[in-house]
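Subject: Handover of a structure and notes on its contents

Dear colleague,

Please find the structure below, together with an account of what was found in it.

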Amino acid sequence: MPKIPIRLQPITAEATVPLRHAILWPDLPIDKQLMPLDTLPTTRHFGAFIALSEPGENIQELQGRDPSDPVLAIDQDYLPQAGECQLPVGVMTLCLEEFTNKGVLPTEITAAGPTEIQLHKFAVLAALQGLGIGGQMIRQVCQMLPTLDMDKAGSSGPSSEAGLKIPRPVLFHFHARKSQREVYMHWGFATLGDDVFLKRGPTGTGNPVEYIRMGRLITLG
Ligand SMILES: CC(C)(COP(=O)(O)OP(=O)(O)OC[C@H]1O[C@@H](n2cnc3c(N)ncnc32)[C@H](O)[C@@H]1OP(=O)(O)O)[C@@H](O)C(=O)NCCC(=O)NCCS
(Lines give C-alpha, C1' and ligand atoms only; values in the text may rest on other atoms or scores of the structure.)
Protein backbone atom coordinates (compact mmCIF):
# COMPACT_ATOMS: atom_id res chain seq x y z
CA MET A 1 0.00 0.00 0.00
CA PRO A 2 1.46 3.43 -0.92
CA LYS A 3 2.53 5.72 1.92
CA ILE A 4 -0.08 8.35 2.77
CA PRO A 5 1.48 11.71 1.90
CA ILE A 6 1.28 14.29 4.67
CA ARG A 7 1.85 18.00 5.10
CA LEU A 8 3.27 19.00 8.51
CA GLN A 9 2.20 22.47 9.57
CA PRO A 10 1.93 24.59 12.74
CA ILE A 11 -1.41 24.34 14.55
CA THR A 12 -2.86 25.79 17.75
CA ALA A 13 -2.70 24.05 21.12
CA GLU A 14 -6.49 23.57 20.96
CA ALA A 15 -6.20 21.74 17.62
CA THR A 16 -4.13 19.00 19.31
CA VAL A 17 -6.85 18.22 21.84
CA PRO A 18 -9.16 15.81 19.91
CA LEU A 19 -6.29 13.44 19.03
CA ARG A 20 -4.70 13.72 22.47
CA HIS A 21 -8.05 12.78 23.98
CA ALA A 22 -8.79 9.96 21.52
CA ILE A 23 -5.31 8.40 21.51
CA LEU A 24 -3.25 9.40 24.53
CA TRP A 25 -5.47 10.15 27.54
CA PRO A 26 -9.01 8.96 26.71
CA ASP A 27 -9.95 8.71 30.37
CA LEU A 28 -9.35 12.43 30.94
CA PRO A 29 -12.06 14.94 30.05
CA ILE A 30 -11.48 16.94 26.90
CA ASP A 31 -11.12 20.20 28.86
CA LYS A 32 -8.26 18.74 30.93
CA GLN A 33 -6.02 17.74 28.01
CA LEU A 34 -3.93 20.93 27.82
CA MET A 35 -1.13 21.73 30.30
CA PRO A 36 0.41 25.13 31.20
CA LEU A 37 3.38 24.15 28.99
CA ASP A 38 1.10 24.10 25.95
CA THR A 39 0.50 27.84 25.98
CA LEU A 40 4.06 29.05 26.62
CA PRO A 41 5.28 31.44 23.89
CA THR A 42 8.17 29.06 23.18
CA THR A 43 5.96 26.03 22.60
CA ARG A 44 5.14 24.89 19.05
CA HIS A 45 2.37 22.52 17.97
CA PHE A 46 2.38 20.68 14.65
CA GLY A 47 -0.33 18.77 12.84
CA ALA A 48 0.01 16.23 10.04
CA PHE A 49 -2.61 16.68 7.36
CA ILE A 50 -3.29 14.18 4.59
CA ALA A 51 -1.99 15.80 1.43
CA LEU A 52 -2.47 15.12 -2.24
CA SER A 53 0.61 13.45 -3.78
CA GLU A 54 0.87 16.16 -6.42
CA PRO A 55 -0.62 19.65 -6.55
CA GLY A 56 -3.02 18.81 -9.39
CA GLU A 57 -4.06 15.40 -8.06
CA ASN A 58 -7.78 14.82 -8.00
CA ILE A 59 -9.29 13.94 -4.65
CA GLN A 60 -11.14 11.12 -6.44
CA GLU A 61 -7.77 9.45 -6.98
CA LEU A 62 -7.16 9.42 -3.25
CA GLN A 63 -10.57 7.87 -2.72
CA GLY A 64 -10.33 5.54 -5.68
CA ARG A 65 -7.46 3.55 -4.24
CA ASP A 66 -7.44 -0.06 -3.08
CA PRO A 67 -10.80 -0.69 -1.35
CA SER A 68 -8.96 -1.98 1.73
CA ASP A 69 -7.15 1.37 2.03
CA PRO A 70 -7.76 2.66 5.60
CA VAL A 71 -7.95 6.22 4.23
CA LEU A 72 -11.34 5.25 2.82
CA ALA A 73 -12.66 4.42 6.27
CA ILE A 74 -11.85 7.69 7.99
CA ASP A 75 -14.10 10.70 8.37
CA GLN A 76 -14.22 13.11 5.39
CA ASP A 77 -13.02 15.91 7.72
CA TYR A 78 -9.52 14.36 7.64
CA LEU A 79 -9.31 14.55 3.84
CA PRO A 80 -7.96 17.48 1.81
CA GLN A 81 -11.42 18.21 0.43
CA ALA A 82 -12.43 19.48 3.89
CA GLY A 83 -10.43 22.63 3.00
CA GLU A 84 -9.83 24.97 5.93
CA CYS A 85 -11.80 22.61 8.19
CA GLN A 86 -9.46 19.68 7.48
CA LEU A 87 -8.50 17.93 10.73
CA PRO A 88 -4.98 16.68 11.49
CA VAL A 89 -4.37 12.91 11.47
CA GLY A 90 -1.29 13.34 13.64
CA VAL A 91 -0.20 15.83 16.29
CA MET A 92 2.97 16.64 18.19
CA THR A 93 4.10 19.40 20.55
CA LEU A 94 7.64 20.78 20.91
CA CYS A 95 8.83 22.71 23.98
CA LEU A 96 12.09 24.49 24.74
CA GLU A 97 12.89 22.35 27.74
CA GLU A 98 16.13 21.13 29.32
CA PHE A 99 16.89 17.45 29.62
CA THR A 100 16.83 17.07 33.41
CA ASN A 101 19.15 14.12 33.94
CA LYS A 102 22.35 15.52 32.38
CA GLY A 103 24.56 12.92 34.09
CA VAL A 104 23.43 10.17 31.71
CA LEU A 105 24.15 12.08 28.50
CA PRO A 106 27.05 10.81 26.37
CA THR A 107 29.88 13.31 25.90
CA GLU A 108 29.24 13.70 22.16
CA ILE A 109 25.91 15.27 23.10
CA THR A 110 27.11 17.51 25.95
CA ALA A 111 30.18 18.59 23.94
CA ALA A 112 27.90 19.92 21.19
CA GLY A 113 26.27 22.36 23.66
CA PRO A 114 22.88 21.74 22.05
CA THR A 115 19.62 23.62 22.35
CA GLU A 116 17.32 21.25 24.21
CA ILE A 117 13.88 20.64 22.75
CA GLN A 118 11.40 18.20 24.22
CA LEU A 119 8.75 16.32 22.24
CA HIS A 120 5.37 15.99 23.94
CA LYS A 121 2.05 14.39 23.08
CA PHE A 122 2.82 12.61 19.83
CA ALA A 123 -0.22 10.78 18.45
CA VAL A 124 -1.60 9.49 15.17
CA LEU A 125 -5.26 8.72 14.47
CA ALA A 126 -5.86 5.07 15.50
CA ALA A 127 -7.20 3.98 12.09
CA LEU A 128 -4.01 5.21 10.39
CA GLN A 129 -1.36 4.04 12.87
CA GLY A 130 1.42 1.86 11.49
CA LEU A 131 1.09 3.33 7.98
CA GLY A 132 4.09 5.63 8.03
CA ILE A 133 2.50 8.90 9.18
CA GLY A 134 4.33 9.11 12.52
CA GLY A 135 7.61 8.31 10.77
CA GLN A 136 7.10 11.08 8.23
CA MET A 137 6.29 13.50 11.07
CA ILE A 138 9.40 12.59 13.06
CA ARG A 139 11.69 12.75 10.01
CA GLN A 140 10.29 16.11 8.87
CA VAL A 141 10.50 17.66 12.31
CA CYS A 142 14.07 16.40 12.81
CA GLN A 143 15.04 18.17 9.57
CA MET A 144 13.42 21.40 10.76
CA LEU A 145 14.78 21.40 14.30
CA PRO A 146 18.26 22.88 13.78
CA THR A 147 16.72 26.04 12.32
CA LEU A 148 13.32 26.07 14.02
CA ASP A 149 12.61 29.36 15.77
CA MET A 150 11.40 28.43 19.24
CA ASP A 151 11.45 31.94 20.67
CA LYS A 152 8.46 34.28 20.55
CA ALA A 153 10.65 37.30 19.82
CA GLY A 154 12.89 35.37 17.48
CA SER A 155 15.92 36.20 19.61
CA SER A 156 16.86 32.90 21.24
CA GLY A 157 19.90 31.29 19.70
CA PRO A 158 22.21 32.95 17.24
CA SER A 159 20.61 34.91 14.40
CA SER A 160 22.18 36.17 11.22
CA GLU A 161 21.90 39.84 10.25
CA ALA A 162 19.09 38.98 7.87
CA GLY A 163 17.15 37.60 10.83
CA LEU A 164 17.46 33.98 9.70
CA LYS A 165 18.21 31.37 12.29
CA ILE A 166 21.73 30.02 12.16
CA PRO A 167 21.57 26.22 12.39
CA ARG A 168 22.48 24.92 15.82
CA PRO A 169 22.73 21.40 17.23
CA VAL A 170 19.61 20.24 19.04
CA LEU A 171 19.15 17.59 21.69
CA PHE A 172 15.69 16.30 20.75
CA HIS A 173 14.47 14.40 23.80
CA PHE A 174 11.27 13.06 25.25
CA HIS A 175 9.59 10.74 27.70
CA ALA A 176 8.64 7.75 25.55
CA ARG A 177 5.96 5.26 26.39
CA LYS A 178 8.04 2.16 27.18
CA SER A 179 5.85 0.24 24.72
CA GLN A 180 7.11 2.47 21.87
CA ARG A 181 10.86 2.07 22.61
CA GLU A 182 11.65 -0.08 19.52
CA VAL A 183 9.81 2.29 17.19
CA TYR A 184 11.86 5.27 18.40
CA MET A 185 15.08 3.24 18.18
CA HIS A 186 14.14 2.44 14.58
CA TRP A 187 13.99 6.23 14.01
CA GLY A 188 17.52 6.68 15.43
CA PHE A 189 16.75 7.64 19.03
CA ALA A 190 18.59 6.14 22.00
CA THR A 191 17.49 5.43 25.54
CA LEU A 192 18.96 8.10 27.84
CA GLY A 193 19.46 6.48 31.27
CA ASP A 194 17.78 3.44 32.83
CA ASP A 195 14.87 5.11 34.63
CA VAL A 196 11.38 3.73 34.12
CA PHE A 197 8.71 5.95 35.65
CA LEU A 198 4.93 6.23 35.72
CA LYS A 199 2.84 9.12 34.40
CA ARG A 200 -0.88 9.64 34.86
CA GLY A 201 -1.62 12.33 32.27
CA PRO A 202 -1.93 16.12 32.56
CA THR A 203 -4.07 15.98 35.74
CA GLY A 204 -2.06 13.22 37.42
CA THR A 205 -5.25 11.17 37.79
CA GLY A 206 -5.29 9.11 34.57
CA ASN A 207 -4.39 5.42 34.32
CA PRO A 208 -0.64 4.96 34.96
CA VAL A 209 1.61 4.45 31.91
CA GLU A 210 5.30 3.39 32.02
CA TYR A 211 7.78 5.83 30.48
CA ILE A 212 11.50 5.99 29.71
CA ARG A 213 13.75 8.89 28.58
CA MET A 214 14.97 8.86 24.98
CA GLY A 215 16.66 11.34 22.67
CA ARG A 216 19.05 12.08 19.86
CA LEU A 217 21.49 14.83 18.88
CA ILE A 218 20.38 16.49 15.66
CA THR A 219 22.75 18.52 13.54
CA LEU A 220 22.28 19.99 10.12
CA GLY A 221 23.18 17.64 7.29
C1 LIG B 1 3.60 6.15 18.18
C2 LIG B 1 2.87 6.72 16.98
C3 LIG B 1 2.78 8.23 17.09
C4 LIG B 1 3.68 6.34 15.71
O5 LIG B 1 2.99 6.77 14.57
P6 LIG B 1 2.64 5.74 13.39
O7 LIG B 1 2.08 6.52 12.28
O8 LIG B 1 1.81 4.64 13.95
O9 LIG B 1 4.07 5.17 13.06
P10 LIG B 1 4.64 4.78 11.63
O11 LIG B 1 3.73 3.83 10.98
O12 LIG B 1 5.02 5.98 10.87
O13 LIG B 1 6.02 4.21 12.03
C14 LIG B 1 6.28 3.09 12.67
C15 LIG B 1 7.74 2.85 12.26
O16 LIG B 1 8.31 2.04 13.25
C17 LIG B 1 8.60 0.79 12.68
N18 LIG B 1 8.23 -0.17 13.70
C19 LIG B 1 7.00 -0.48 14.12
N20 LIG B 1 7.07 -1.39 15.11
C21 LIG B 1 8.39 -1.62 15.31
C22 LIG B 1 9.11 -2.47 16.20
N23 LIG B 1 8.51 -3.25 17.10
N24 LIG B 1 10.45 -2.44 16.13
C25 LIG B 1 11.09 -1.64 15.24
N26 LIG B 1 10.45 -0.83 14.37
C27 LIG B 1 9.12 -0.84 14.41
C28 LIG B 1 7.79 0.67 11.41
O29 LIG B 1 8.43 -0.16 10.48
C30 LIG B 1 7.79 2.11 10.94
O31 LIG B 1 9.00 2.43 10.29
P32 LIG B 1 9.16 3.59 9.15
O33 LIG B 1 8.99 4.93 9.83
O34 LIG B 1 10.57 3.42 8.66
O35 LIG B 1 8.11 3.33 8.11
C36 LIG B 1 1.43 6.11 16.84
O37 LIG B 1 1.51 4.73 16.64
C38 LIG B 1 0.56 6.41 18.04
O39 LIG B 1 -0.12 7.41 18.08
N40 LIG B 1 0.56 5.50 19.04
C41 LIG B 1 -0.30 5.64 20.21
C42 LIG B 1 0.13 6.80 21.07
C43 LIG B 1 1.57 6.73 21.48
O44 LIG B 1 2.05 5.68 21.93
N45 LIG B 1 2.27 7.87 21.33
C46 LIG B 1 3.65 7.98 21.61
C47 LIG B 1 3.82 8.29 23.03
S48 LIG B 1 5.53 8.15 23.45
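The buried residues of helix H1 pack against strands S3 and S4, where two residues are in contact if their C-beta atoms, placed from the backbone, lie within 7 Å. Helices (H or I, at least four residues) and strands (E, at least two) are DSSP runs, numbered from the N terminus. A residue is called buried if 20 or more other C-beta atoms lie within 10 Å of its own, exposed if 12 or fewer, and partly exposed in between, with C-beta atoms placed from the backbone.

Two remarks on the source are needed. Residues are numbered from 1 along each chain as its sequence is written. The model is predicted: local features need pLDDT of at least 70 and side-chain atom pairs count only at pLDDT 80 or more, while totals for chains, interfaces and linings use all residues.

Overall layout

The protein chain holds five helices and eight strands. From the N terminus on, their order is β-α-β-α-β-α-β-α-β-α-β-β-β. Of the 221 residues in the chain, 28% are buried. Among contacts between residues at least 6 apart in sequence, 74% join residues at least 24 apart.

Which residues of H1 are buried? They are Leu-19, Arg-20 and Leu-24. Seen down the axis of H1, these buried residues fall within an arc of 100 degrees, so they line one face of the helix; the arc is that of the directions from the helix axis to the C-beta atoms.

In H4, the buried residues are Ile-133, Gly-134, Met-137, Ile-138 and Val-141. They cover an arc of only 130 degrees around the axis, which puts them on the same side of H4. The buried residues of H4 pack against strands S1 (6-11), S2 (44-50), S3 (90-96) and S4. The twelve residues of H4 should span 16 Å at 1.5 Å a residue, and the end C-alpha atoms are 17 Å apart, which agrees. The expected span is 1.5 Å times one less than the number of residues.

Strands

Eight of the ten residues of S4 are buried, so this strand is largely enclosed by the rest of the structure. Two strands pair if DSSP finds at least two bridges between them. S4 pairs with S3 in the antiparallel sense over six bridges, and Leu-96 stands opposite Ile-117 in S4. Five bridges join S4 to S5, and these two run parallel; here Glu-116 stands opposite Leu-171 in S5.

S5 is also joined to S8 (residues 209-218) by eight bridges, in an antiparallel arrangement. Within S8, Gly-215 is the bridge partner of His-173 and also of Ala-190. S6 (residues 190-191) pairs with S8 in the antiparallel sense over two bridges. Three bridges join S7 (residues 197-199) to S8, again antiparallel, and Leu-198 has Glu-210 as its bridge partner in S8.

The ligand

How many residues surround the ligand? There are 18, and the closest are Gln-129, Gly-134, Gly-135, Glu-182 and His-186; a residue is near a molecule if its C-beta atom, placed from the backbone, lies within 6 Å of it. The elements that give two or more residues to this shell are H1 (17-24), S4 (115-124), H4 (133-144), S5 (170-177) and H5 (181-186). The shell divides into nine nonpolar, seven polar and two charged residues. Ala, Val, Leu, Ile, Met, Phe, Trp, Tyr, Cys and Pro count as nonpolar, Asp, Glu, Lys and Arg as charged, and the others, Gly among them, as polar.

Yours sincerely
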